[in-house]
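Student: Could you take me through one part of this model closely, starting from a single side-chain contact? I would like the cut-offs along the way.

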Amino acid sequence: MKVLHCSLYNGKPTSTNYLDGTLNNLSCSSTIHNDCKCVCIRHLNMQRSAPVDPTKMGVGKAIAVLTSGGDAQGMNAAVRATVRVGIYTGAKVYFVHEVRTSKHIHIRNKELKGYQGLVDGGDNIGQATWESVSMMLQLGGTVIGSARCQDFRSKEGRAKAACNLVKLGITNLCVIGGDGSLTGANEFRNEWSELLQILLKAGKITAEEAKRSSHLNIVGMVGSIDNDFCGTDMTIGTDSALHRIMEVVDAITTTATSHQRVFILEVMGRHCGYLALVTALACGADWVFIPEMPPAEGWEEHLCRRLTHQRSIGNRLNIIILAEGALDRHGKHITCDIIMNLITKKLSFDTRATILGHVQRGGTPSAFDRILGSRMGVEAVMALLEATPDTPACVVSLSGNMAVRLPLMECVHLTKEVTKAMEEGRFEEAIKLRGKSFEHNWNTYKLLAHVTAPDVKSNINIAIMNVGAPCAGMNAAVRSAVRIGILQGHNMLAVHDGFDGLAHGTIEPMTWGYVGGWTGKGGSNLGTKRSLPTSMIEEISLNITKFNIHALVIIGGFEAFVGGLELVTAREKYEELCIPLVVIPATVSNNIPGSDFSIGADTALNTITTTCDRIKQSAAGTKRRVFLIETMGGYCGYLATMGGLAAGADAAYIYEERFGIRDLETNVEHLLEKMKTTVKRGLILRNEKCNANYTTDFLFSLYSEEGKGVFDCRKNVLGHMQQGGTPTPFDRTFGTKMGAKAVLWLTDKLKECYRHGRIFANTPDSACVLGMKKRAMVFQPLSDLKEI
């Protein structure tokens, strides 16, 4: 990317090239969104006749940002983005906090509150600078503090808060918190005029001040690890909480297997079972208890039967996930002790319980939460600067891969509707009200955990293979595909070592237990190679006949896509290849046409982000040092771009956006200027194939030479560590859902293609890529994607 020293990257903006485009794209690409019964607020700048200079949008305006309620990882990313984009647009930006220690202590050493600081005023509302949010991305919690405030609940307290804002000329408030915090902000906005009149009568503000602050704009961002707010696919902090939970699950798995134990894990979620459900899906738990769907009557016997069956087929590990708010059908709480006593008394199994508690709120935010917080922060500032007195308070939400604005109180109302549905026993409706993602997760979990295999077999053989470079999450997709296939009555075949294995006949049947415990394993247990099928088409066709393969699941990267195309092309000559096939994208490069996301990319991105954090920490200690990091990705700049955003890099060089010597010169000058500030470090990311001539070695030499006497330079090629490691929660659940969806689609396609006693598939739609497009998983013919 050219000239990336802009608002969301570390260092002051010395050029407007990049962010001008970013703000314009955010403004123009946002769409009307009708999900969750909410209507998106149409962006005012879509109606503009002339472009607006983004560096002038905020001139004369002031924005206050506060965090309230429970803390969540990623809040700091949202605060940082709000501050830097606000400053970039020319606005003044203020932190709202409460100082309990000396006012001269640096902000990170203060214990702070959200609305309390608004009420108390004084030094508790301080102007933010560019450097004050440096090194904030990787910190958990919220550095400007968060707590609930009793004073703000009274009109007298809100009048004090209004007075403090008016005196500073602040008419824009950005609130990061849960539904209670956002509801309080909306109430504050609705009575703003009344509060001004109270202050005028009391002589606390002048008529001129009241006129200058005649209305208050409110924008909310939801920070909650429970993901309990309707209207957004994910709330800030949820993904990081899942990371903490899965770290514990992985650790417990080893000890539980060693001693043949049952482990009960209680996770947070007083009113929402999202964390429990996704954890159960990601670790293949034997049972999950969630508030939205209490277990049916007689669940005790059902649970014991299930655990007994798992032991009888050789499973040494049993995991039960419990949301802290889980209830039975009579409204009675289900606790760890109740479940443990049940299993111990009825089955005499060695059982242990672990309550995770606040460990789920702690730790470093994941790459996803950093990017989510950053994007929401940008959109929040735009929403505030574009708002008019008639614009209703909005909340910035995530819809698919887009940040959108939704009416705040409609989302709050819908969130309360879920609680009401649960209280009234309308559990199926509660699941649906949580959104399509929640419902899909629930249905997939039920398929994999609570359905028994049919007695009658289908006599269908489905082969599964991995192609291309290995990546985390491949095994989760294989496990899901195998088990869903078995539940459909099919015979599932393992093809080892990609197309080579298909050509050489290294094929064997897979049972339910064959893929046990695969969800949390990185790499490819089936083995994978980059070989393409063209040179061995004849051998492949013979083995398809020999093993009576009726359908094929190809899980892999760009080679999987190209290999699938080659099989489709060869159908004209080899009739044996006229079988349905589906390609599931799985590559760290995230470069498969037809899908916004690929399995494995999230794990690789978190690896890059964690490594960059450590490198930045090293640079912060030594001072005046610039690190150059090379990432994977082939010709796709996804990892470098998202890694740069999540780690707070100064620049990211990618193939998609050409750069030249003038751009490099500008970046060097930026770093030279940056070393004069309090932030004496630099971080540059380079995609491995961004430019054949401007190599990593060349850039290292350039920065080393030009920085002589001011900063020194170090380089690091991350290499294959980006393909390794255990999969992130996202890659586990994404792989699980993709594998299940692929086999269910093949089952339907096989029925369509069954003619005259045999399967014959030669239409374009019988060979597809299963991809994630915006919010939906869609099947697109390989032939249609060839040009893309």
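Tutor: Happy to! Let's start with N76, whose side chain comes to 3.4 Å from the backbone oxygen of G141. That is a polar contact, meaning a pair of N or O atoms within 3.5 Å; within protein, one must be able to donate a hydrogen and the other to accept it, and residues adjacent in sequence count only if both atoms are side-chain atoms. Before going on, please keep in mind that this is a predicted model, in which local features need pLDDT of at least 70 and side-chain atom pairs count only at pLDDT 80 or more, while totals for chains, interfaces and linings use all residues. Residues are numbered from 1 along each chain as its sequence is written, and side-chain values use heavy atoms, with hydrogens and water left out.

N76 belongs to helix 2 (residues 75-88); helices (H or I, at least four residues) and strands (E, at least two) are DSSP runs, numbered from the N terminus. With a relative accessibility of 1%, N76 counts as buried, where buried means under 20% relative accessible area, exposed over 50% and partly exposed in between (1.4 Å probe, protein chains only). Leaving aside residues up to four places away in sequence, N76 touches M136, L139, G140, G141, T142 and V143, a contact being heavy atoms within 4.5 Å.

Next, the aromatic rings. The whole structure holds 15 aromatic pairs; rings of Phe, Tyr and Trp (its six-membered ring) pair if their centres lie within 6.5 Å, with planes under 30 degrees apart called stacked, over 60 edge-to-face and the rest tilted. Y115 and F152 have ring centres 4.2 Å apart and planes at 20°, so they are stacked. Because Y115 sits in helix 3 (residues 115-120) and F152 in the loop between strand 3 and helix 4 (155-168), this pair ties together parts that are 37 residues apart in sequence. Y115 is buried at 4% relative accessibility, and F152 is buried at 6%. F188 and W192, in contrast, form an edge-to-face pair, 5.6 Å centre to centre with 90° between the planes. Here too both partners are buried: F188 has a relative accessible area of 0% and W192 one of 1%. Ring pairs link Y115, F152, F188 and W192 into a cluster.

The loop that holds F152 follows from strand 3, and that strand leads us to a sheet. Seven strands form an open sheet in the order 3-2-1-4-5-10-11, with mixed pairing; two strands pair if DSSP finds at least two bridges between them. Strand 3 (125-127) and strand 11 (402-407) are the edges, each pairing on one side only. From one strand to the next, the twist averages 30°, with axes taken as lines fitted to C-alpha atoms (for helices over the stretch in contact) and angles running from 0 to 180 degrees between N-to-C directions. Strand 2 (residues 92-96) runs antiparallel to strand 3, joined by three bridges, and Y94 stands opposite Q127 in strand 3.
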